[in-house]
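Hi,

Here is the structure I promised to pass on. Have a look at it first, and my notes follow below.

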Amino acid sequence: MKFKALIIASILSLGLHAEETITVAATPVPHAEILEQVKPELQKQGYKLQIKEFTDYVLPNLAVDSGEVDANFFQHTPYLEEFNKSKHTKLTKVINVHIEPMAVYSKKYKSLDDIKQGAKIAIPNDPTNESRALDIIAKKGLVKFQDKALKTPLDITYNPKKLQFIELKAAQLPRALDDVDFAVINSNYALSANLNPAKDSVFIEDKQSPYANILVVKTGNENDAKIKALAKALQSDKVKNFIIEKYKGSVLPAF
């Protein structure tokens, strides 16, 4: 009986010390790469970090909302707010992690100053990133818009060069470079296509951009112990130094 009791006690002990899994949906670069850096620290605290990679901007939010994953890491606050509004999801920001300056690329021109009449510019087709991309083009004085929070090409009031805006899914933009004159590309997709925003772009967004990339959970889960552990690990000096050294200015810490 003593031997049986010992076995039961051992099983219970193992159960109490079983590793808890944190599942995070993320786009591959730089989000999944940054998450890889916090695995050892979380392991020490009894958490196994499982990273599920996605290559679009819709499924990671739906996965968190459905409970398929615990959190996601791929988006900025304006995108999250628009998504919650349009999809009726209840998702909440936990922390800022980094900023990815959006940039303009071209295989045909070395500067936006070289832009020709009727040039084709590919931009993301989701509301917040489309508006963000159009703001970048507007900063060069090439177009002007109605005063709206979220802009589309339909809101253009000044376009002397008759620029044509081609709306595509964000993930498709690097592949579209051969077919357009310029493309405004989110840095995670640029990096995945071996494009460095700091070196390869013809024009880059101001580094004081408000579009910090954030850790997101389903509303009500932001104070869970494992989410707090993940958030603390992501805002560590180790992660800050990794971002600075790895991405050489194309991704910047936001904490």
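**What I found**

Let's start with the largest nonpolar core: it has 30 residues, and the members touching the most others are Ile34, Leu35, Leu42, Leu49, Leu230 and Leu234. Two or more residues each come from β1, α2, β2, β3, β4, β12, α10 and α11, with α10 giving the most, at 6 residues. Bear in mind that this is a predicted model.

Leaving out residues up to four places away in sequence, Leu234 touches Ile34, Leu35, Val38, Ile95, Val97, Leu215, Val239 and Phe255. Another core, of 19 residues, lies apart from the largest one, and includes Leu112, Ala119, Ile123 and Leu134.

Next, the sheet. It is open, has 6 strands with mixed pairing, and runs in the order β2-β1-β3-β12-β4-β13. β2 and β13 (252-253) each have a single partner strand, so one side of each has no neighbour in the sheet. Further in, β3 and β12 pair in the antiparallel sense over 5 bridges, and Gln75 has Ile214 in β12 as its bridge partner.

Most residues other than glycine have a negative phi, and most peptide bonds are trans. The bond from Val29 to Pro30, though, is cis, with omega near 0°, and Pro30 is found in helix α2. Lys162, in the loop between β8 and β9, has a positive phi, near 50°, and counts as exposed at 59% relative accessibility. Lys248 sits in the loop between α11 and β13; its phi is near 50° as well, and at 56% relative accessibility Lys248 counts as exposed.

Cheers

Terms used. Residues are numbered from 1 along each chain as its sequence is written. This is a predicted model: local features need pLDDT of at least 70, side-chain atom pairs count only at pLDDT 80 or more; totals for chains, interfaces and linings use all residues. Side-chain values use heavy atoms; hydrogens and water are left out. A nonpolar core is a set of buried Ala, Val, Leu, Ile, Met, Phe, Trp, Tyr and Cys residues joined through side-chain atoms within 4.5 Å. Buried means under 20% relative accessible area, exposed over 50%, partly exposed in between (1.4 Å probe, protein chains only). Helices (H or I, at least four residues) and strands (E, at least two) are DSSP runs, numbered from the N terminus. Contact means heavy atoms within 4.5 Å. Two strands pair if DSSP finds at least two bridges between them.
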